[in-house]
Structures are given as C-alpha cells and as structure tokens.
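Look over the model below.

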There are 2 protein chains.
Amino acid sequence: MARKTGSHSDITGPRVRAAALRLFARDGFAAVSMRQIAAEVGVQAGALYLYTPDKQALLFDLLKAHMDDVLSHWAAEPKGSGPQEALEAFVRFHIRFSLTRAEAVFLSYMELRNLTADHFAKIEALRRAYEDQLEAILEEGQASGAFAVPDTKLATMAIIAMLTGVNTWYREGGRLSRDRVEQIYQDMVRSAVQA
Amino acid sequence: MARKTGSHSDITGPRVRAAALRLFARDGFAAVSMRQIAAEVGVQAGALYLYTPDKQALLFDLLKAHMDDVLSHWAAEPKGSGPQEALEAFVRFHIRFSLTRAEAVFLSYMELRNLTADHFAKIEALRRAYEDQLEAILEEGQASGAFAVPDTKLATMAIIAMLTGVNTWYREGGRLSRDRVEQIYQDMVRSAVQA
DNA sequence: CTTGGAATTGAACGCGCGTGCAGATACCAC
DNA sequence: GTGGTATCTGCACGCGCGTTCAATTCCAAG
C-alpha cells in the first residue's frame, strides 16, 4: 500500500488520512506522533513518508481537502430562488455538513496555527471564499429589501459562528433531532436579519 | 522569587502565569515547553516548579482563574431591570470582557482537551454556570412574554457562540469600533429572540 | 558580620519525537 | 520461475521534552 514511485504530489493514502484526521481531531496536531498514526494504520512510522513529505503536509492536506469539500458541496446545493430561500439553504447546509464532518470542521479551526505561513494563507483564502457565499446572500437580500442587517460582514461572521457552534454541543440521539435543530436555527437566523 | 516553603496550593507566580498564558495562547499548550516559559520569565526551567507542581496544573490554574474571573465580573455587572435589559447587559458584557481577555478566552475553549478528567469537569462546571446565567435571562423573558424562543437552551448556545466569535475577527483599530460592534450584536440578538 | 532558610541554577534522567535510509518483502508482468 | 519495482520494516540519528535534585546564591534578621 503506497503511491506510485516517488512523487508526493498526488493524493495521500486514504487510510493514512483517515487515521490522521481521527487522531488530530481527538488529541490535537502537536500531541499526535507519526508513530501513533502509523500504529492506527497498522504500519511502521517510516512507511508514512511514502504518503506525505512530512507531518505538517499531512495536516495541510486534510484541511485543504475539507475546504474544497465544503465549497464544492455548497456549490452543488439547491438554493431555491431569492435571498430568503438561499439563506435557509445556507443554514441547513452548514449545520448538516458540519455535523457529518465534525472531525474535519473541528480540525479546520483548531489547527490553523500549526500551518506554515503559505499553507495558512491558502486555507484562509478558501475559508474567506466560503464566508463570501453567505455574505453575497445577505447583500442581495439587503438590496432587495428582504433583509435589514446593519452590516453584512458582521452578520456573516455572527451567523457562521452561531451555526458552527452547533458542533460543540450537538450529540446524535440527544434531546433534539438534527432536523429540529436546523429548523430552530433557521428561525433564529431569519428573525435576526428580517427587514 | 518564589512562594513560601513547600506547598503549591496558593497562587501561581504572576509572572509565570502571564508568560504561560501568552505562550499557550499563541502556540498551543502542547507546543510550548517549560523551558520556553522559563525563558520568557527570565529563569531556568527548574525554577518553574516552585510555582506549579507540573505543566498541566499551570494550564488548569489559568483556565480556572479565567472562569472565576468571568463569573465574578458578570455577578458585579449592573443588569438593569427586566429580561430585555438583562439580555442587553449580557451581550455587552460578554463581548467587552472577551475582547479584553482575548488570550484567556481563546485558551479556555482551545485547550480543554489537555486537562485531566477531573480538571476538565471543574472547568466545564464553571462554563455551564456561566451559560446558565444567560439561559435564566431567556427563560425569564420567555415567561414574561418578552421573548419568543423555541428552545432556551439552544438559544443560549447560539448566542454565546455568536458573541464569542467576535474574538476571531475583531481587531483594535479596525473598520468598526468596539462600541459599534456591541451595538450591532445587541440588535441582532434582540431581534432573534423578540416575541 | 554571621547565619539560615528561601530562591534559583545547572546538570542530569529516561524518553519519545520527526525523519532518513539500507535492506527485506510482496506482488505483478513476462 | 524470474526479474524488477512498489511497498514496508527496523534501526538509527540528533534533539528537546517534563521533571528532579544537589549545590549554589541571595537576602533579611539577629
């Protein structure tokens, strides 16, 4: 099990990625050793270097893949017509996607500081691109008179923080179903921005 | 410079705490060595053990002190009369306090996983106590008909996540003043919960 | 000036880290 | 089978880690 001859530029081995994601999310990047990741895969530490040039690149690959994942799934999401429906779609999508990718979401805002400057810049740009998707919806609603937000940038940050926060407390099989949670957040967001 | 004879039960040296807080917040608990903290204080690594039994306790002390700080300052905050004013007070307080204690706030939700189980339980209880302060306001407003939230627990988590999020983007001297940010968040929160 | 305890140093301990690499092994085309 | 190449092991390297502790320095009280 390893990639074809030499180059590290193609896709990191799926089993290595899965193990690294799980361990990084659970214990933090700095606290996880290459030997632990290797053990999780069932391999010796040296073999990991067939899949990644170093530990840091492994983290970057995970974050990059996650951000690409978020953006491409949102692009494929049906947005309905008009800003109100688009906002509802965004809220539903963000909560649902975050919950199904909890580990990657967690990693993506916990381990940014362990990236090198240029890796950080790349991830940051993708995150910004995602935020811009929401801000565009708010601006459109503002222009059409459907929404009344004092500052679209601020509202964007507020809404995303609020939605991502779901990950910190939601547990499968808890008091509220995922659908119910989505619905309640929809209502709160709608009334917060409504004209 | 060190405490009196033997016991570690009293207050960790202020300079050690300050250095540890700054470094932990910047690089993460796992990535900071006792030697780095010592260097920041201007002392050899061994001397730190006059102030703390171990590295882990140093982290706990910082988080515990921060949570006590939050709770006591909120307790001393004027709340006005009635749930609407209390909610406004909470929003203003949370944003202002978080911004003036940015490093401690950051640490308190980034490094929970580096605590032992019992240390974690203690911090968690304090965090819960703080959240309960907000939830009590929402419940009172709900009972009096001033607010209409579908679920006070959820609204509590949503509001706190939204407010704490300010820390991730707010920078002194940026586009918006702290007062303006507080005001905008007040408006968004109010309209999100208003009956 | 002496003295005794508090404060600090500096060296040491065993350990695990990220990474590299020579050699062993597994697997596939012929 | 045989050859070759993709895959992986096993060990090594230098290093910094958290923590301990005997020895030293500092400083105030007598």
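G145(B) follows α6(B) and has a positive phi, near 85°. This is a predicted model: local features need pLDDT of at least 70, side-chain atom pairs count only at pLDDT 80 or more, and totals for chains, interfaces and linings use all residues. Residues are numbered from 1 along each chain as its sequence is written, chains are lettered from A and ligands numbered from 1 in the order written, and side-chain values use heavy atoms, without hydrogens and water.

Helix α6 of chain B covers residues 117-144. Helices are DSSP runs of H or I, at least four residues, numbered from the N terminus. At 1.5 Å a residue (times one less than the number of residues), its 28 residues should span 40 Å, and the end C-alpha atoms are 40 Å apart, so the two agree. Its buried residues (under 20% relative accessible area, 1.4 Å probe) include H119(B), E124(B), Y130(B) and G141(B). The buried residues of α6(B) pack against α3, α4, α7 and α9 of chain B.

Now the contact between the chains (heavy atoms within 4.5 Å).

| Chain A with chain B | Value |
|---|---|
| Residues from chain A | 32 residues |
| Residues from chain B | 32 residues |
| Buried area | about 2600 Å² |
| Salt bridges | four salt bridges |

Buried area is the accessible area (1.4 Å probe) lost by two parts on being put together, summed over both. Here 68% of it lies on carbon and sulfur atoms. A salt bridge puts a side-chain nitrogen of Lys or Arg within 4 Å of a carboxyl oxygen of Asp or Glu. R113(A) forms one with E111(B), with the closest N and O atoms 3.0 Å apart. On chain A, the elements giving two or more residues to the side that touches chain B are α1, α5, α7 and α9.

Conventions. Buried means under 20% relative accessible area, exposed over 50%, partly exposed in between (1.4 Å probe, protein chains only).
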